[in-house]
Amino acid sequence: MKKASFIAFRVVLYAILIAPLFLFGLYAFSERWFFPAPLPTQWTASIFTRIITNSRTTAGLSASLSLALIVTVLSLIIGYPAARVLGTKVFRGRSLAWLIFFIPTVVPPLAIGMGLNILFLRLGWSGTMFGVVLAHLVPTLPYTIFTLSGVFSRFDENYELQALVLGSSRLRIFLTITLRLILPGLVVASLFAFLISWSQYLLTLLIGGGKILTIPMLLFSAVSGGNPTSIAAYSLIFVAPPVIMIAASARFLTQHGNTIREQY
Amino acid sequence: MAPAILIISVLFGASILFGLAQSFGMMTGTQQETISLAAYQSVFSGQGPAGREFWSSFWFSLWVATASTFFSAIGALAVAIWLSDRKKKSQQIDTLALNWNMAFPHLVWAIALLLFFSQSGFLARLSATFGFIQTPAEFPVLVLDRFGIGIIIDYVTKEIPFLTLILLAVLRSQAENLDVVAENLGASRWQQLRFVTIPQVMPALSAGSLIVFGFIFSAFEVPAILGVRYPRMLPVLALDFFLNQDLNRRAEGMVISFVITVFVIIVAILSQKQEKGTQQ
Amino acid sequence: MTNIELVNLKKTYPGGETPVLNHLSLTIHSGEMMALLGPSGSGKSTILKLITGIETPDEGDILFDGESILPIAPNKRGAILMFQKAYLFPFLSVEDNIGFGMKVRGDNAKTIRAEVRKMLDLIGLPGFEKRKPSQLSGGEQQRVALARALVLQPRSMLLDEPLSSLDTEVRVNLQEAIRRIQRELGITTILVTHDLNEAMGMADRVALLLDGQVAAVDQPMHLYARPPTKPTSRFVGITTFLEGELKQGHLATEQGTLTVNTNRHQADSAVFAIRPEHIRVQKEPGQNSMAGLIAECIFRGDYIEYQVAVDKQTSIRARVPMPAPLIEHGQQVYICFPPEYLFEVEPN
């Protein structure tokens, strides 16, 4: 009896997982689909192809991708040392540091964006990739740091010590041992950073000043436009990279465990 | 590794920028260097253009956040308890839930719900096919509605997995044996739930719920997509005013944003207190 | 005052090839403390799980006062289990922990408070009502767990190695406390342990479990001095077995002929055992002695352990209580087996 309900649960879960994609697919590839037809009466891929090859879309894609990648790499580079210290050492300003990292996760991007908007305007960083990258770092860096520090709090530095004692150089140790040991956490941290940057709307809007157009922004304008086909098309474009990346790193996610909240 | 100082200064820099920016913003962003409380007055008094909508937005936001959090919490509790009953590996379901949660950010999930539940959406078409309704107008207004039902549905469906995972973590790490002990001492299944399971998860549940509550209150994307012209949730209101050409409206937008921020920080502090309170 | 009968219990775990319990039967008398002793995996804990209802037997029955408890739901059986870890509810005070079972069965608050207070006195922790489990030491936690069980005046108590995680001194104190209280209240108790000394020190009777069955059950002193079989002897610390043809009070072994006390007149093959502390190590030959060389001598505090090689393959382990002069490695000695301490055992 229990087993049957479990299977039902699984089915429902998978259905919910697929449903949005299915829905988007229906709309994106439909030509004629008037109420009350349950399925499109005419299918075409031409609208979708048109959208995806449209220069605005390709520009948006490349903007989103490059933005997310830069932000991710920077988060990792900057966040790694901080996470290491936070996770392994006890020092006097620890709670303060923790607090500084914590607040940006709580304060909404809305407020952050609005505040930085004015400042960046004055500094001339508004409308630049540089400014947007900086802005994105505010939410992504803390998540990266907390994820990695969680990994480090479970990390046994004796492995590195062992290698050191056996004569290996610090760089070698880092590359061959440390990275391998924290790899799952590293993957998860970069995944988070990427996703956060990829899905940012407000920050890009407020700092980008209309010059930096990313997929979320194209998506939003499609929504206000009201055409379900283009809405669905952009949604598919938006969702594809996250789905792919999560599928690729799925096994690291199981190792890692549950939510970030657990880290602290 | 010493570069932590570098990071902290970068971040501290970002925080200062952010704080600075706030103060600039509060000073209407013009050449005015003195702090003006005009924007505050106009918002809180309910007089100015922002003020007129402010309080109804505030209560509306509160309503949506409370309802969403409440139903998410109950849903998560039910699912977590049901899942933890199973001794074997429901690890797969956990990973699935987590992955799903991440693959569809709020933005996209809201759009999916829009396409599904709107009056000319997929569900409506299905109902028409089965003869339940004739025209789009006959389909009940589930999204883009005045009560925020669509918004609530969105948040509940997204936050239940999040909270469930938190609860499962508690139920699995702390003695699952406590249930066995309780049963051995004479407790029925219901008594076990009431006296052992629920007290065990309550701290994590309240901490998690507060996080969810704060998030919903301050989030923009979902109400922007699933909400209507009136009433609007606070973040939507804030942005609208901030983007206005008139600098006074901008200041008012900033004030609203500030209100949201303060509110959320208070909720976060409460949540942290809850969490720390459990780690005796 | 419940009499417990285990009847022909059989249990195989899914994925296991051999049954953990293989037609095991045992009777525990009302008010008695029975220790279940055996190597790990011998099914001791399984028996407790079957009694509490956490697991169900494949075959067999369990009777309380002659009635089967198998159809009764696990939370209504009245067999309270104490685990290795105290498993106190961390979110409840000591008082609420102890009173948990009473609350669940509907007793009123006043009665609960009174009983809890009495129980706290009994276990030696008066005034601890409002404390939280996290504030207690391991020993104190186990006492509270004990109180939590006892306050319900259960039909039986099942102890699953509850003391194994405690420090020696705490453990000894708790052993005495449990024994004292159990005797006073007369609750039928089953104690599972792998520690021979603990079993013998606490129990009225000890049941030795080997291969899913009861290999021997007897009072501790008897079991210790005269175990019935070779495997059970090994378990109580006997390593010396002398085998050979038995004829009219003489055992012809490979190492020599020994005089033995036995009722049997004749047997082609008989096995005799002797406790290591009863074997004498001396310089001159005597009754029932064999010559040998000291191969090892280890000082163990209370006694000295000698390994004496009597021929190329055979070496006998003897224990000589202190104080005694140390006999050096390589010395020629004679080991004697006084006939009054030699006893016959079944080969298996």
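**Exercise 1. Determine what the buried residues of α8(B) pack against, and which residues these are.**

Step 1. In this predicted model, the buried residues of α8(B) pack against α9 (189–218) of chain B together with α1 (44–52) and β6 of chain C. Helices (H or I, at least four residues) and strands (E, at least two) are DSSP runs, numbered from the N terminus, and two residues are in contact if their C-beta atoms, placed from the backbone, lie within 7 Å.

Step 2. In helix α8 (residues 177–184) of chain B, the buried residues are Leu178(B), Val181(B), Ala182(B), Glu183(B) and Asn184(B). A residue is buried if 20 or more other C-beta atoms lie within 10 Å of its own, exposed if 12 or fewer, and partly exposed in between, with C-beta atoms placed from the backbone.

Step 3. After α8(B) comes Gly186(B), which has a positive phi, near 115 degrees.

Conventions for reading the labels and limits are as follows. Residues are numbered from 1 along each chain as its sequence is written, while chains are lettered from A and ligands numbered from 1 in the order in which they are written. Because the model is predicted, local features need pLDDT of at least 70 and side-chain atom pairs count only at pLDDT 80 or more, whereas totals for chains, interfaces and linings use all residues.

**Exercise 2. Describe the side of chain C that touches chain B.**

Step 1. The contact joins 15 residues of chain C to 16 residues of chain B.

Step 2. On the chain C side, β6 (79–82) and α3 (100–104) each supply at least two residues, and the largest share, three residues, comes from α3(C).

Step 3. Sorted by class, this side of chain C holds nine nonpolar, four polar and two charged residues. Here Ala, Val, Leu, Ile, Met, Phe, Trp, Tyr, Cys and Pro count as nonpolar, Asp, Glu, Lys and Arg as charged, and the others, Gly among them, as polar.

Step 4. For the complex, the predictor gives an ipTM of 0.81 and a pTM of 0.79.

**Exercise 3. Decide whether Leu205(A) and Gly226(A) are buried or exposed.**

Step 1. Leu205(A) lies in helix α9 (residues 202–208) of chain A, and because 23 other C-beta atoms are within 10 Å, Leu205(A) is buried.

Step 2. The C-alpha atoms of Leu205(A) and Gly113(A) are 8.4 Å apart in space, although the two residues are 92 residues apart in sequence.

Step 3. Gly226(A) is found in the loop between α10 (215–225) and α11 (228–248) of chain A, and counts as exposed because Gly226(A) has 8 C-beta neighbours inside 10 Å.

Step 4. From Gly226(A) to Leu99(A), 127 residues apart along the chain, the C-alpha separation is 42 Å.

**Exercise 4. Explain why α11(B) is largely enclosed by the rest of the structure.**

Step 1. Eight of the nine residues of helix α11 (residues 234–242) of chain B are buried, so this helix is largely enclosed by the rest of the structure.

Step 2. The buried residues of α11(B) are Leu234(B), Pro235(B), Val236(B), Leu237(B), Ala238(B), Leu239(B), Phe241(B) and Phe242(B).

**Exercise 5. Characterise chain C and the contact between its domains.**

Step 1. Chain C has nine helices and 20 strands, and its C-alpha trace spans about 75 × 45 × 35 Å along its principal axes.

Step 2. Of the 348 residues in chain C, 39% are buried.

Step 3. Chain C is divided into domain 1 (4–231) and domain 2 (238–345), whose centres, taken over C-alpha atoms, are separated by 39 Å.

Step 4. Five residues of domain 1 of chain C are in contact with five residues of domain 2 of chain C, and the side belonging to domain 1 divides into two nonpolar, one polar and two charged residues.

Technical notes: Domains from an automatic or database assignment.
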